[in-house]
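Please consider the model shown below, chain by chain and then at the contact between chains.

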Amino acid sequence: MADFYMGVDVGSVSTNIVILDEEDNIVWKKYLRTQGKPIDILKEGLHDIRKELGDINISGVGTTGSGRQLAGLILGSDVVKNEITCHAVSALDFMPNIKTIIEIGGQDSKIIIIRDGIVVDFAMNTVCAAGTGSFLDRQAFRLGVPIEQFGKTALRSDNPVRIAGRCAVFAESDMIHKQQLGHNQEDIIWGLCQALVRNYLNNVGKGKEILGPIAFQGGVAANEGIKRAFEETLKQEVFIPENFDVMGAVGVSLLAKAEAKRKKSTSFKGLNISDINYKVKGIECNDCANLCEIIEIQEDQNILARYGDKCGKWTNAIKDKTKLA
Amino acid sequence: MKITFPHLGNVYIAGKAFLEELGQEVIPPPRCSKRTLELGTKYSPETMCLPFKINIGNYIESIEKGADTILITGSCGPCRFGYYSVLEQSILDDLGYEVEFIVFDPIYEGVRELKNNISRALNVKSYRKLIKAGDLGWKLIKKSDYLTQLANEKRAYAFNSYLVDEIMEDYYKKVEITVGGEPMLKLMDQVEDSLKAVKIDKNKNPIKVGIIGEIYTIIEPSVNLEIERKLGHMGVLVEKSLTPTKWVEHHVSNFPFGSKEENEKYKLAKPYIPTLVGGHGRETVGSAIYYAKKGFDGVIQLLPLNCMPEIVAKSILPTVQNDYNIPIMTLIVDEMTGEAGYMTRLEAFVDLLERKREEKQNGRFLHGC
């Protein structure tokens, strides 16, 4: 029976699942909205795999994204890795001589600087979500343009309106103001794309040496307007991998494959976990002033994990604990 | 007079015992918690830096426990801290709390006033007693910093790093019920013994990271989301550029010349930042170079959102990173308590450092062939 490897990226906005075969081809991928219910969505994804691919033999599993710990616990993954490393791994697989990765996702944006195939520097947006997917989503909705059409609309403009891109809230007021003045929609959208790129390069890319080849990945890479704005500002071509929207999941599945090969087994619990009932319980611990919110995950009748406590009392109470570092 | 003071890492342990030796009643604030932050943000100006908000929270929680006098140090550098005491007093006044503030301003702001404040706060009956208590206080500061650092080292080397957490948690609980200097020292000795008994893997060669940046954020674990512990569990050996011990050495023990380490940092920072920019901006740049020269794998700068001196330092650090070939990451902390993004950055940074070290070793190996 053929071996397959699964990579799962549980992000704030989307949960992506990919299945690789032995030759690193992507045989299946799924882009699901997380909608604040990571466990349900994960189960739905596994259910889809069974329905569409049958009970395939998965020999290695990796998780990444902000929900990686939770997903890792539920799946029993071989690798739990942060998304920066995963994006670098998949981009290097896409283009071995890559020097810069621009990644813009739902809630965060990052820049990863690679030299000679090694991550030498990276940065993420700090306390501001301006210029990320969620903001674009919201503006598209407000302007009544489907998000899929957003980029194409921008490309039709040749006279951008200047939008203040420093802060998402102010950018929105600025946009509304420009709308009221009567500017047409494609000019505003194209202006917004430029503002986002300006904001990204000034905040996330500040002080970084951006050399080509440049890869652009993450959900926002679907937006041709942003791509064009990057190319005009950086004065060079920006490459978008075929699977730009699931690159984190691809990266972690490659890592999972390597790890499973190394230890010659997998800790994956099997696809049938989509039938198991998971319950998440919040407990507020009142033993000290910290009032930690403990999260307890139950797998049918058993307690799978507890975390969220500062002192380790709850975490340590379970035997065979998973390191949540 | 029931004295309290704002939290700054483990300083309360020494501060409490020191004041108790002098016969004062001390009510240290409860350990910083979510409630502290909530109270602080509710009553502080919105754009104020995070340490101020924690201070306010600490005061209110201490006052609830009966404190009526607040001790705090002053400053006159170009950083908001110089204005903390004045603003804090006025906020507590507005809230209707009747508390007295005793501010220890630097000596060049007036010797007499400092002396007055000291004798008022410390209940000085004889200077012999003060010196004796001071001696003990100094011993306690050094010892508690030593324990913190020992815990950091043990975490990096231990087979089970969570054991260290258990010991430290137990220690902090016992501190709250221990009264006086000698019993405190005894407790610390016990903790030292249990920490030393933690089994370690001597073959490990952990990644070494220096923590630099704004003093409060470096020292107070509740503000920096326990960065030492998090890195420790990843098997990273952490050293902090500023500790209460280093502060006292620089500002008190070696007054007016300053400590050797800090003076060296000034010298190292000089080509980049020749003058004072307030707070510890200059020291931050100096510390980054200091750790690079000591052969550390990487450096992490910590600052509370909109901290002015650290913003100056932050803009210089990329140049230091290039000149000394040491990765430097900046983490900004604010009221957020969600840790996912924070963990991602730390993990990715440690990954980067590990790869870099591997490459260095492999490179050398290849060269050897």
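This is a predicted model: local features need pLDDT of at least 70, side-chain atom pairs count only at pLDDT 80 or more; totals for chains, interfaces and linings use all residues.

Residues are numbered from 1 along each chain as its sequence is written, and chains are lettered from A and ligands numbered from 1 in the order in which they are written. Two residues are in contact if their C-beta atoms, placed from the backbone, lie within 7 Å.

Helices (H or I, at least four residues) and strands (E, at least two) are DSSP runs, numbered from the N terminus. In chain A, five strands form an open sheet of mixed pairing, in the order β3-β2-β1-β4-β5; two strands pair if DSSP finds at least two bridges between them. Strands β3 (26-33) and β5 (79-80) of chain A each have a single partner strand and stand at the edges, so one side of each is left without a neighbour in the sheet. Strands β1 (residues 3-10) and β2 (residues 14-20) of chain A pair in the antiparallel sense over six bridges. The bridge partner of M6(A) in β2(A) is I19(A). Helix α9 (residues 247-263) of chain A packs on the sheet and touches β1, β2, β3, β4 (57-64) and β5 of chain A. The direction of α9 makes about 125° with that of β4(A), where axes are lines fitted to C-alpha atoms, for helices over the stretch in contact, and angles run from 0 to 180 degrees between N-to-C directions.

Chain B has 15 helices and eight strands. The C-alpha atoms of chain B fill a box of roughly 75 × 45 × 40 Å along the principal axes. Of the contacts in chain B with a separation of 6 or more, 72% join residues 24 or more positions apart.

The contact between the chains takes 21 residues from chain A and 28 residues from chain B. On the side of chain A that touches chain B, α3 (83-94) and β8 (118-124) of chain A are the elements that give two or more residues. β8(A) gives the most, with five residues.
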